[in-house]
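Hello,

I am passing on the structure we spoke about, with notes on what turned up in it. Please look through them alongside the coordinates.

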Amino acid sequence: MRLAIISDIHANLEALERVLEDTELMQADRLVCLGDIIGYGSDPAACVALLRERADICVLGNHDAAVFSVPERAFFNPNARAALSWTMAQLSEGDIAYLQGLPYRVSTDNLLFVHSAPRAPEQWDYVFSGMEARLYGRYFHERICFIGHSHVPGIYPIDPGVRGYSHSQRYVINVGSVGQPRDGNWRSSYGLLDTVAGSYENRRIEYDVETAARKIRERGLPTRLAERLKLGE
Ligand code: ZN
């Protein structure tokens, strides 16, 4: 089985469409979304619609939760807050009901999917280093825990002696961000797991970043949100 795992789309339709094209090209059998479909970008309703149709599994991100839950908004910076109120006005009741119905975690086929971290995903903790990821190893029993949230891709073995990816080892894997990468590379990031070949690949996909940035400015969203797309930060 080939699994495409995407995260942190952040209403970037140009990026999402290109990534979905690539998952088809790579003949992915299933699509998993790790949340943060919305927030920051110019096309929240279109991105929700596309994922409602296409994602086989989707878990809740903190930006998705902020639409219907007030405590999540406390951690938002002014740009995220401005984007949130604009985003809320774009979503239909059906879109909001869909987001409200998303689970914090999904476990299937020895894989765990969460937005933030395997221990208490509703607390939205960040996993930034291999050492942190290893400490989380005891909070899940599946072979791999897939995460997003930091927008920085990484493959973190639970066993400190392991290098690279092997199908017999346990990992926390951050698939990176489709719509707002923050590792200095503007290209969309997502993960491709092949359970038959025993391989994992972090793919980077070029998209029309100029159009995505222009639309953010045209919608009157904070200009910083347009600038950071091109810088990958
Ligand atoms: Zn995010």
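The largest pocket is lined by 17 residues, and those nearest its centre are Asn 62, Phe 75, Phe 76, Tyr 126 and His 149. Its volume is about 270 Å³. By class, the lining of this pocket has six nonpolar, six polar and five charged residues. Please keep in mind that this is a predicted model.

The count of cavities of 30 Å³ or more comes to one. The largest cavity has a volume of about 40 Å³. The residues that line the largest cavity are His 10, Asn 12, Tyr 40, Gly 41, Gly 179, Gln 180, Ile 216, Leu 225 and Leu 229. Four of the lining residues of this cavity are nonpolar and five are polar, with no charged residue.

Next, the sheets. One of them is an open sheet of five strands in the order E4-E5-E6-E8-E7, with mixed pairing. Strand E4 (105-108) and strand E7 (154-157) are at the edges; each has a single partner strand, so one side of each has no neighbour in the sheet. On average, neighbouring strands of this sheet are turned by 15° against each other, direction ignored.

Within this sheet, E4 runs antiparallel to strand E5 (residues 111-114), and four bridges join the two. Arg 105 is opposite Val 114 in E5, and Val 106 has Phe 113 as its bridge partner. E4 and E5 form a hairpin with two residues between the strands, where Asp 109 takes a positive phi near 50°. Asn 110 lies in the loop between E4 and E5. Asn 110 also has a positive phi, of about 70°, although it is not a glycine. With a relative accessible area of 43%, Asn 110 is partly exposed.

On its other pairing, E5 runs parallel to E6, and three bridges join them. Leu 111 has Ile 144 in E6 as its bridge partner. In a regular strand, side chains alternate between the two faces of the sheet. In E5, both faces are covered: Leu 111 and Phe 113 are buried on one side, and Leu 112 and Val 114 are buried on the other.

The loop between strand E6 (144-147) and E7 contains His 151. His 151 is another residue other than glycine with a positive phi, near 65°. Is His 151 buried or exposed? Its relative accessibility is 2%, so His 151 counts as buried, the cut-off being under 20%.

There is also an open sheet of five strands in the order E3-E2-E1-E9-E10, and here too the pairing is mixed. Strand E3 (57-58) and E10 are at the edges, each with a single partner strand, so one side of each is left without a neighbour in the sheet. Strand E1 (residues 2-6) pairs with strand E9 (residues 188-194) in the antiparallel sense over four bridges. Arg 2 has Asp 194 in E9 as its bridge partner.

E9 pairs with E10 in the antiparallel sense as well, over seven bridges. Ser 189 is opposite Arg 204 in E10. E9 and E10 form a hairpin with four residues between them, and Gly 198 in the turn has a positive phi of about 70°.

Asp 208 is in the loop between strand E10 (199-205) and helix H7 (209-218). The relative accessible area of Asp 208 is 39%, which makes this residue partly exposed. What joins the side chains of Asp 208 and Thr 211? A polar contact of 2.5 Å does. Asp 208 and Arg 187 are 21 residues apart in sequence, and their C-alpha atoms are 9.6 Å apart in space.

Regards

Key: Residues numbered from 1 in each chain as written. Predicted model: local features only at pLDDT ≥ 70, side-chain atom pairs only at ≥ 80, totals over all residues. Heavy atoms only, no water. Pairing = 2+ DSSP bridges. Axes fitted to C-alpha atoms, helices over the stretch in contact; angles between N-to-C directions. 1 Å grid on protein atoms, 1.4 Å probe; cavity = no way out; pocket = protein on both sides within 12 Å on 5 of 7 lines; lining within 4 Å. Points joined across faces, edges and corners; volume = space filled by probe spheres on them. Nonpolar A, V, L, I, M, F, W, Y, C, P; charged D, E, K, R; others polar. Buried < 20%, exposed > 50% of the residue type's maximum accessible area, 1.4 Å probe, protein only. Polar contact = N/O pair within 3.5 Å; in protein donor to acceptor, adjacent residues only side chain to side chain.
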